[in-house]
Amino acid sequence: MLAARAIGLLGKRAISTSVCVRGGHGVAKVEDYALPAYFDRRENPLPDIQFVQELNADQVSLKEKEKGSWATLSNDEKIALYRISFNQSFAEMNQGTQEWKSVVAGMLFFIGMTGLVVLWQRKFVYGDVPPTFQPEFQEKQLQRILDMRMNPVEGFASKWDYENKQWKK
């Protein structure tokens, strides 16, 4: 029974991978990236193919009219011919987007959230400031260092005049 079940599972696996069934949604279509594709890019001003691949009746008649004299074409027809070949003009490609606003808003949001977390931590996580930060304690600590004559060569004690009990000038 176990062998029959294992063979059944292997058979299902082989069928599902050979047919490219993905999660019960049918056969997955794989794009062929070896075929030429259309991209609007300033670096590549002439794409491999035209923007519009399947022309309608108006566009076909316009393409026939294009083979004649361009002096007979109106400006609208010239623009329509341009739009058959290209999706955007250089001016449209170079036009800035308003995406920077959402980026700045996102940055400010996260900076604000970080500030709120810091304030919350100061209030609820951290305790009071240790007494070692108080000026009185620091004066006592300095006096202790001087009384013990710590680091008399290069430290604080080297800058203290022990006879006159003041800092050396």
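**Entry 1: ground rules**

I call a residue buried under 20% relative accessible area, exposed over 50%, and partly exposed in between, using a 1.4 Å probe and protein chains only. The model I am reading is predicted: local features need pLDDT of at least 70, side-chain atom pairs count only at pLDDT 80 or more, and totals for chains, interfaces and linings use all residues. Residues are numbered from 1 along each chain as its sequence is written, and side-chain values use heavy atoms, with hydrogens and water left out.

**Entry 2: the whole chain**

I looked up the secondary structure first. The protein has six helices and two strands. Helices (H or I, at least four residues) and strands (E, at least two) are DSSP runs, numbered from the N terminus. Read from the N terminus, the order is α-α-α-α-α-α-β-β.

Next I checked burial. Of the 169 residues, 12% are buried. The protein exposes about 14900 Å², and carbon and sulfur atoms supply 60% of that area. Accessible areas come from the Shrake-Rupley method with a 1.4 Å probe; for residues, only the protein chains shown count as cover.

Then I turned to contacts, meaning heavy atoms within 4.5 Å. Among contacts between residues at least 6 apart in sequence, 32% join residues at least 24 apart.

Which residues of helix H3 are buried? In H3 (residues 75-85), I found Glu77, Leu81, Ile84 and Ser85 buried. They lie on the same side of H3, because they cover an arc of only 95° around the axis. The arc is that of the directions from the helix axis to the C-beta atoms. The face turned away from the buried side carries the exposed residues Asn75 and Asp76.

What do the buried residues of H3 pack against? They pack against H2.

Glutamine 59 counts as buried because its relative accessible area is 19%. Leaving aside neighbours within four places in sequence, glutamine 59 is in contact with Val52, Glu54 and Ile84.

Valine 52 was my next stop. With neighbours within four places in sequence set aside, valine 52 contacts Gln59, Arg83 and Ile84. Val52 and Ile84 also belong to the largest nonpolar core. That core has five residues: Val52, Leu62, Leu73, Leu81 and Ile84. A nonpolar core is a set of buried Ala, Val, Leu, Ile, Met, Phe, Trp, Tyr and Cys residues joined through side-chain atoms within 4.5 Å.

**Entry 3: salt bridges**

Side chains of opposite charge can pair when their charged atoms come close. I count a salt bridge when a side-chain nitrogen of Lys or Arg is within 4 Å of a carboxyl oxygen of Asp or Glu. How many salt bridges are there by this rule? The count is five.

- Glutamate 43 and arginine 41 meet through their side chains, at 3.0 Å from N to O. Glutamate 43 counts as exposed because its relative accessibility is 59%. Arginine 41, at 45%, is partly exposed.
- Lysine 63 pairs with glutamate 66, with the closest N and O atoms 3.3 Å apart. Both lie in helix H2, three residues apart, about one turn of the helix. Lysine 63 is buried at 18%, whereas glutamate 66 is partly exposed at 23%.
- Lysine 67 and glutamate 64 join at 3.4 Å, N to O. Lysine 67 is exposed at 67%. Glutamate 64 is partly exposed at 49%.

**Entry 4: a nonpolar patch**

I then looked at the surface. Trp100, Val103, Val104, Met107, Leu108 and Ile111 form a nonpolar patch there, with about 610 Å² of accessible area together. Patches are made of residues with over 30% relative accessible area and no salt bridge; like charges are joined within 9 Å, nonpolar side chains (Val, Leu, Ile, Met, Phe, Trp, Tyr) within 5 Å.

Isoleucine 111 lies in helix H5 (residues 99-125). Is isoleucine 111 buried or exposed? It counts as exposed because its relative accessibility is 55%.

**Entry 5: tryptophan 167**

At 38% relative accessibility, tryptophan 167 is partly exposed. Not counting residues up to four places away in sequence, tryptophan 167 touches Leu142, Leu146, Phe156, Lys159 and Trp160. Phenylalanine 156 is eleven residues from tryptophan 167 along the chain, and their C-alpha atoms are separated by 9.4 Å.
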